[in-house]
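Please take a friendly tour of the model shown here. Keep the sequence and the 3D view side by side as you read.

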Amino acid sequence: MMASSDVLAVQTRGLTKRYRRVTALRGASITVPEGRISALIGPNGAGKTTLLRLLAGLARPGSGDVEVLGGRPAQHPSFLANVGFLAQEIPLYRRFTVGEHVAAGAHLNSRWDGAYVRQRLASLDIPLGQRVGALSGGQRAQLALSLTLAKRPRLLLLDEPVAALDPLARRHFLAQLAEAVADGGLTVVLSSHLLADLEQTCDHLILLAAASVQLCGDIDTLLAEHQVLIGPRKDTTAIERDHTLVHAVRTARQTTLLIRRSGPVIDPAFEAADVGLEELVLGYMSQPAGPRPGRLTTIGEQQ
Amino acid sequence: MINFRLDGRSVVPTYLQIVQQVRQALRMGVLDVGDKLPTVREVVAATAVNPNTVLKAYRDLEREGLVEPRAGHGTFVVGRPSGPPPGTHARLARSLAQWVHGAREAGLDDESIESLLRITLRAAAEEETA
C-alpha cells in the first residue's frame, strides 16, 4: 500500500541547462516526495522536456545538483533499472507485434514482471498477436505504459503522455497510471501543457515558465496558501507589504488580487475567496517571466 | 457497492466529494453498517483520481467513526452519520421533487428556486433564534 512519504524521490538545487545560447532551464530547485503523482506544467518551450531528461540521466546539467532516488542520474544499469522514461515519441516498432515487444522487454530488462504486463494487456483488450501499426493511438500509449511499468520502476517520467490521446483514452491511461501508484512503491512525474486533463490524477505540481520554476509543492498546500482578494479600486500597498502579490487585475472600479498569504488578511474592503488550481496556475503564468523568489519555489515542501 | 461520481470541475475538493457521497449514501440507506467500500485501487481504476485523494477521504471517514479499515480485507462501514434514521432523506427527497416540479410548472427557473430556498432557510433560522 502506498502512503504519503517525506522521503524525496527527486530533489534538484539550482539546476541549469544551456543548449548553445539558449538557456533551457535556469536555477531549478524542486522536490518530489515518494508516492506522488506530480504534474509538470508549463507552456511549450518552458523547459519541461529538459527537466525530465536531466532527471532521467539523458542529459547532464550545466550547473546545479540533481538527486533521483538518492543517487545521481546516469546511463548506468543500476540507475536505469529503477527509472522508467517515456518520451513524447513513443518508442514502439510498428511492424512488430505486441507479443514481440513483450518478449524484447523481458530480454532487455534485468527486472521484468511478465505476468503483470500480460494481465494488463488482457484487461485492456490488446491482443499479443496484433501488429503495433494496427493499434489505435490510445492502445499504443497503453502498451508503452504497460511495458514501462513491467520494469517495476520506482520513478516514472512521462513527457506529454496524454497530449495525443482522445478524452476516453486519456482517462484510461491516467487510470492505469493511478492504479500502478496505488500498488505502492512508485512515484510519477508527468508533463503537460494543459492542467485540466491531469488535475484529478495529480497531487503534486511543478509549474515551469520561461525556463524557471514558478511553483513546486503539494497541490492542497499550495491552494491553501493562496487566496483571491476582490475589492474596490484602492491602494494595495499595505496588502502587498504583508503578503506576496502574485497577480493583480485592476479595472476602473475593482481590484482582484492573487496573493500568497503570510497569515490572515485583515482588510474589510476586500472579500477573500479560495483559489482554484487553474486560477492559481494562470496567475503565475501571466506574471512577467523570470525566477520567483527562492522561498516561493518550495512552498509546502521541506527545504 | 457505492459508485463514486467525481467532478473535476466542481469547487468541492475531490476528497470531500468522496466523503460527502459516502455520508449521503448512508443517509439514503444505500450503504449500511457492515458494507464494504471499494478499495483505493478500485476507485482509482474507475475514476483516474489520485490514490492519495481516496486515502485522505477514507481517513476522514474513519476519523468521523463511519468506516474502519480491516487489514487485508478493505474498508467497512461501522457507523451512521448523526441525524434522522435512514429513509427519512429519501422520503423528504420525494416530496421536495414534487415541490420542485410544482415550482417549475409555476414558471420558476433554477436560479429563482435556489434563491427562494436560501431565503426560506434564512427566515427559518431567524425564527428559531428569535
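What follows is a briefing on two chains, from their overall build down to single residues.

This is a predicted model, in which local features need pLDDT of at least 70 and side-chain atom pairs count only at pLDDT 80 or more, while totals for chains, interfaces and linings use all residues. Residues are numbered from 1 along each chain as its sequence is written, chains are lettered from A and ligands numbered from 1 in the order in which they are written, and side-chain values use heavy atoms, with hydrogens and water left out.

**Helices and strands**

- Chain A contains nine helices and 13 strands. Helices here are DSSP runs of H or I with at least four residues, strands are runs of E with at least two, and both are numbered from the N terminus.
- In chain B you will find five helices and three strands.

**Overall dimensions**

- The C-alpha trace of chain A spans about 70 × 40 × 40 Å along its principal axes.
- For chain B, the C-alpha trace spans about 55 × 30 × 25 Å along its principal axes.
- Chain B has a radius of gyration of 18 Å, but a compact globule of 130 residues would be near 14 Å.

**Burial, surface and contacts**

- In chain A, 50% of the 303 residues count as buried. Buried means under 20% relative accessible area, exposed means over 50%, and partly exposed lies in between (1.4 Å probe, protein chains only).
- In chain B, 33% of the 130 residues are buried.
- Chain A has an accessible surface of about 14,000 Å², and 51% of that surface belongs to carbon and sulfur atoms. Accessible areas come from the Shrake-Rupley method with a 1.4 Å probe, and for residues only the protein chains shown count as cover.
- Chain B exposes about 8,200 Å², with 54% supplied by carbon and sulfur atoms.
- Among the contacts in chain A with a separation of 6 or more, 69% are between residues 24 or more positions apart. A contact means heavy atoms within 4.5 Å.
- For chain B, 50% of the contacts between residues at least 6 apart in sequence join residues at least 24 apart.

**Charges**

- Chain A carries 32 positive and 28 negative side chains, and the centres of the two sets lie 9 Å apart. Lys and Arg count as positive and Asp and Glu as negative, while His and the chain ends are not counted. Each charge is placed at NZ of Lys, CZ of Arg, CG of Asp or CD of Glu.
- Chain B has 16 positive and 16 negative charges, with mean positions 7 Å apart.

**Domains**

- Chain A is divided into domain 1 (8–218) and domain 2 (221–291). The contact takes 14 residues from domain 1 of chain A and 12 residues from domain 2 of chain A. These bounds come from an automatic or database domain assignment.
- The centres of the two domains of chain A, taken over C-alpha atoms, are 34 Å apart.
- Chain B is divided into domain 1 (14–77) and domain 2 (88–129), and 30 Å separate their centres, taken over C-alpha atoms.

**Residues to find in chain A**

- A:Arg95 sits in the loop between strand S5 (83–86) and helix H3 (98–108). A:Arg95 counts as exposed because its relative accessibility is 71%. From A:Arg95 to A:Pro232 the distance is 64 Å, C-alpha to C-alpha, and the two are 137 residues apart in sequence.
- A:Ala252 is in the loop between strand S11 (244–250) and strand S12 (254–260). With a relative accessible area of 71%, A:Ala252 is exposed.
- Most residues other than glycine have a negative phi. A:Glu160, however, has a positive phi near 45°. A:Glu160 lies in the loop between strand S6 (155–158) and helix H6 (167–182), and A:Glu160 is buried, with a relative accessible area of 9%.
- A:Ala210 also has a positive phi, near 50°. A:Ala210 belongs to the loop between strand S8 (204–209) and strand S9 (212–218), and A:Ala210 is partly exposed at 38% relative accessible area.

Key: The radius of gyration is taken over C-alpha atoms; the globule rule is 2.2 Å times the number of residues to the power 0.38.
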